Amino acid sequence: MDPALRQITDRIRAAAADGTALRIRGGGSKDFYGNRLEGELLDTRALSGILSYEPSELVVTVGAGTSLTELEALLAERGQCLAFEPPHYAWSQNTGATVGGMVAAGLSGPARASAGAVREYVLGLRMVNGLGQDLVYGGQVMKNVAGYDVSRMMVGSMGTLGLITEVSLKVLPVAPAEVTLVFPLGQMEALECLHRWGGQPLPLNASCWVHDDTASPAQDLLFVRLRGAVAAVEAACQKMLAEVTGQRMDNAQAQADWELCRNQRLPFFERTPGPDQVLWRLSVPQTAPVLDLPGSPLIEWHGGLRWLWAPLSAGPALQAQAAAHGGNATLFVAAHADSTRAGAPISSNDPALMAIQQRLKASLDPKGIFNPHRLFDAW
């Protein structure tokens, strides 16, 4: 066993023996996310390094403490990428997002609606459970699972089920062509266009609708990114611009803007409307209509993800409205996170799902030492 892993495993076993809570942390880029931060710090950054990379097989295996920036740079050298565009959140005063944190948080960027989520790219992982046992799940191919797919269940678990030590990921080639179109459309018209285009064989990759009040005069804009084969992207551009008035963006400027969107550095995210405002994340079906919200949202994922600045007190109403459309609303960023994030779980409150999650917790972390109260107040 690697010395760094042995040291961490010994610490987990000691914590399990005396009931000491541990707070698993990589670069800390997601410290703002979830419920309370409790327990002694267990830093994973010593578990770093590219363990294997087979570009021809589109598979990479890395230590959980590996910098996400390092991994993406390696992939870029071979013309490959993480298609789900995991956010780095460099604004969050962290020391750099890690691969383990990326998997544990399960957050994806602008391409999520078209390319898929984090869990769809996790082929396997190695972890240490709450008893200090070194476990391996999955592998380096897609069809390798019988029974529960624990490797994918770890995605989004926020470190409450175990310490991820290694991850095997599917990677994809960078698309040969990319174009971003911008359309001056109101929210309803933008959603209608996205719904219509989504039902057609177009290489849609990402979308973002925003009410831009930094412009003079203020305007509503829909940005749509196309990725794929050169001929397919060009044909889609001609078709969409023939249907709706719009224009192509300069590619360098568009790529910079999408990077800002991915990491929540757009003006919408950086300008808090008021001291009592928090950032809400509404996940709804793409076909959901315009919602009755106390402000103008920023909409991604072809209508499926809607960001909103609103008071904490608006939570019950937002959750009820999202649920009415088959979705959910969660508190994502709070200006005073330590005082406001409690009581806003980032997982479903469905009793059946809660029962399953509690059984998983009892099985993998029977002493309850990992990241207590990070997902729920109950555990």
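**Surface, fold and sheet**

Modeller: The protein exposes about 16300 Å², an area from the Shrake-Rupley method with a 1.4 Å probe. Carbon and sulfur atoms supply 53% of that surface. This is a predicted model, where local features need pLDDT of at least 70, side-chain atom pairs count only at pLDDT 80 or more, and totals for chains, interfaces and linings use all residues. Residues are numbered from 1 along each chain as its sequence is written, and side-chain values use heavy atoms, with hydrogens and water left out.

Colleague: What share of the 379 residues is buried?
Modeller: Buried residues make up 51%, with buried meaning under 20% relative accessible area (1.4 Å probe, protein chains only).

Colleague: How many helices and strands?
Modeller: There are 12 helices and 17 strands, taken as DSSP runs (H or I, at least four residues; E, at least two) and numbered from the N terminus.

Colleague: What is the strand order in the open sheet?
Modeller: The 8 strands run S13-S10-S12-S11-S15-S16-S14-S17, with antiparallel pairing; two strands pair if DSSP finds at least two bridges between them. The edge strands are S13 (247-248) and S17 (328-334).

Colleague: How many bridges between S11 and S15?
Modeller: S11 (residues 204-212) and S15 (residues 298-300) pair over 2 bridges. Trp-209 stands opposite Ile-299 in S15.

Colleague: Switching topic, what does the C-alpha trace span along its principal axes?
Modeller: The trace spans about 65 × 50 × 35 Å.

Terms used: Buried < 20%, exposed > 50% of the residue type's maximum accessible area, 1.4 Å probe, protein only.
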